[in-house]
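Dear colleague,

Please find below the structure that I am handing over to you, together with its sequence.

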Amino acid sequence: MTRTDHASLPAVPRRTVLVSGASIAGPVLAFWLTRYGYAVTVVEKASAPRSGGYPVDVRGTALEVLRRMGLLSRLRDAHIDLRRLTFLRGDGSQVASIHPHTVTGGVAGRDLEVRRGDLADALYTAIRDDVEFVFDDSIHTLDQSGDGVDVTFHGGGSRTFDLVLGADGMHSRTRDMVFGPEEQFHRYLGYCFAVFTMRNTFGLSHETVMWNTPGRAAALYATGHGDELHAFLNFARPEPPFDAFPDPGAQRDLVAAVFADAGWEVPGILAAMREADDVFFDAVSQIRMPRWHRGRVALAGDAAYAPSFLTGQGTSLALVGAYMLAGSLADADHAEGFAAYERDTREFVAANQGLVGEGGATLFPTTVAALEQRNDRLRKLSDMPAAQGRPEHSALTLPTFTITNPTQHAHR
Ligand SMILES: Cc1cc2nc3c(=O)[nH]c(=O)nc-3n(C[C@H](O)[C@H](O)[C@H](O)COP(=O)(O)OP(=O)(O)OC[C@H]3O[C@@H](n4cnc5c(N)ncnc54)[C@H](O)[C@@H]3O)c2cc1C
């Protein structure tokens with residue numbers, strides 16, 4: 001990568017930024033802010049960059065962010081190249097087998113599908129020498145004043161930063177501390193899911209097989225990496241299971257109860273879930289906020305506008321949103337910069353959050369009639385060529401941000 005040319009910046013203390021979260025949005029913020037002359041610290045509650053993980057898509061405008069970071073060709077080597085998506089009925093018989101892009105709106109040869117860990121690792125590697133990382137720690141308190149943000153950390157110690165940016169995901173603590181409880185921004189979409197890895201004893205490669213009954217889906221996703229298989233269990237539920245969220249045992253019990261009488265390979269998948277050490281359970285939800293900034297604190301990625309996996313756009317929104325937030329601060333003070341970030345990014349976010357219901361949700365019908373209709377549609381789709389992309393994925397043309405006023409970088 002091209003390093004920041006700090007020599008070209010004035011010899012005054014640089015503005016300091018604390019970024020909370022080192023997954024997707026956090027490292028992108030750190031990368032660009034460092035280039036714009038900021039001194040960046042990233043605090044991450046995990047003890048190291050989180051590797052592994054389910055496959056994610058990067059599409060449209062977000063590909064340009066990776067290209068500008070010099071990471072696109074490296075990540076093309078990590079592309080999973082999913083070739084087939086096969087749908088099964090409750091008894092395990094086949095409904096249809098189609099190219100995945102037919103339902104996701106992805107574009108063959110252009111869009112990326114990579115393991116989340118491969119993307120996070122590429123982002124971290126691009127910045128680790130230029131940015132201060134603090135792992136195994138998190139923000140305890142935030143106190144904003146006219147001059148800065150006083151931060152104390154759970155690990156002890158306190159520091160003052162000019163700005164704090166929350167990139168700490170859907171259940172962001174930064175958002176809780178500055179904007180209030182999650183409930184007011186949380187839009188539950190009526191499903192819960194669990195994902196985990198299990199052994200690939202099915203001979204699957206570069207493909208997904210999805211079993212459905214009304215309100216329930218079980219999918220096996222083979223990335224083609226050795227023995228790796230991602231199991232995914234999704235089920236409809238009118239209210240979020242608040243009691244289960246803090247309790248991994250209760251999450252497993254709930255999933256097992258919902259799928260107790262299921263056929264096909266589901267009993268084996270449930271047995272694997274009991275053994276798995278990486279079960280990730282959550283509600284399928286969006287975060288919608290009227291404002292993404294307050295004072296000297298702003299949010300990016302899932303923390304501000306999680307769109308849910310039903311849109312397949314969470315990673316892309318995190319990449320684009322972080323690029324836009326950092327860029328808005330390149331040449332402006334935080335008040336102007338945060339306002340510009342919202343003004344220039346909101347429409348793109350809203351369009352992509354609005355994709356719920358166009359792709360993913362229709363894959364998980366909750367009634368017998370709706371499931372039959374979906375199966376009819378899938379059979380017809382199997383005769384059609386793959387889609388050519390959704391306009392929402394590319395609905396923002398990335399600006400190029402430059403520094404024309406170096407004094408903005410003086411500590412203030
Ligand atoms: C099963 C599943 C499938 C998905 N599939 C897709 C897909 O196909 N396409 C797609 O685009 N997206 C997909 N997503 C969504 C995608 O993973 C997220 O939208 C994306 O990772 C958002 O990035 P982020 O950096 O904003 O947040 P996250 O990736 O959630 O990262 C938040 C980071 O903050 C850290 N953190 C949390 N709390 C604190 C704290 N208090 N202090 C410090 N650090 C903290 C976390 O450890 C984590 O490293 C999927 C998600 C799931 C769960």
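The notes below go from the whole chain to the sheet, the helices and the ligand site.

Please bear in mind that this is a predicted model. The chain holds 12 helices and 18 strands. Its radius of gyration is 22 Å, close to the 22 Å given by the globule rule for 412 residues, so the chain is as compact as a globular protein of that length. Along the principal axes, the C-alpha atoms fill a box of roughly 70 × 45 × 40 Å. Buried residues account for 44% of the 412 residues. Of the contacts with a separation of 6 or more, 73% join residues 24 or more positions apart.

Six strands form an open sheet of mixed pairing, in the order 7-2-1-11-18-17. Strand 7 (132-135) and strand 17 (293-294) are at the edges and have a single partner strand each, so one side of each lacks a neighbour in the sheet. Within this order, strand 11 (residues 163-166) pairs with strand 18 (residues 297-299) in the parallel sense, over 3 bridges; Gly166 has Leu299 of strand 18 as its bridge partner. Helix 1 lies across strand 1 (16-20), strand 2 (39-44) and strand 11, and runs at about 170° to strand 2.

A separate pairing joins strand 3 and strand 6, which are antiparallel over 4 bridges. Val58 stands opposite Leu112 of strand 6. In a regular strand, side chains alternate between the two faces of the sheet. Strand 3 is covered on both faces: Pro55 and Asp57 are buried on one side, Val56 and Val58 on the other.

Strand 3 (55-58) and strand 6 (112-115) also receive helix 2, whose buried residues pack against them as well as against helix 1 (25-35), helix 3 (72-77) and helix 10 (314-328). The buried residues of helix 2 (residues 61-68) are Thr61, Ala62, Leu63, Val65 and Leu66. After helix 2 comes Gly70, with a positive phi near 75°.

Which residues come nearest to the ligand? Of the 33 residues around the ligand, they are Gly21, Ser23, Gly169, Gly301 and Gly314. At least two residues of the shell come from each of helix 1, strand 2, strand 3, helix 9 (302-305) and helix 10. Helix 10 provides the largest share, 4 residues. By class, the shell comprises 13 nonpolar, 12 polar and 8 charged residues.

With kind regards

Definitions and conventions
Residues numbered from 1 in each chain as written. Predicted model: local features only at pLDDT ≥ 70, side-chain atom pairs only at ≥ 80, totals over all residues. Buried ≥ 20, exposed ≤ 12 C-beta atoms within 10 Å, placed from the backbone. Contact = placed C-beta atoms within 7 Å. Pairing = 2+ DSSP bridges. Axes fitted to C-alpha atoms, helices over the stretch in contact; angles between N-to-C directions. Near = placed C-beta within 6 Å. Nonpolar A, V, L, I, M, F, W, Y, C, P; charged D, E, K, R; others polar. Rg over C-alpha atoms; globule rule 2.2 N^0.38 Å.
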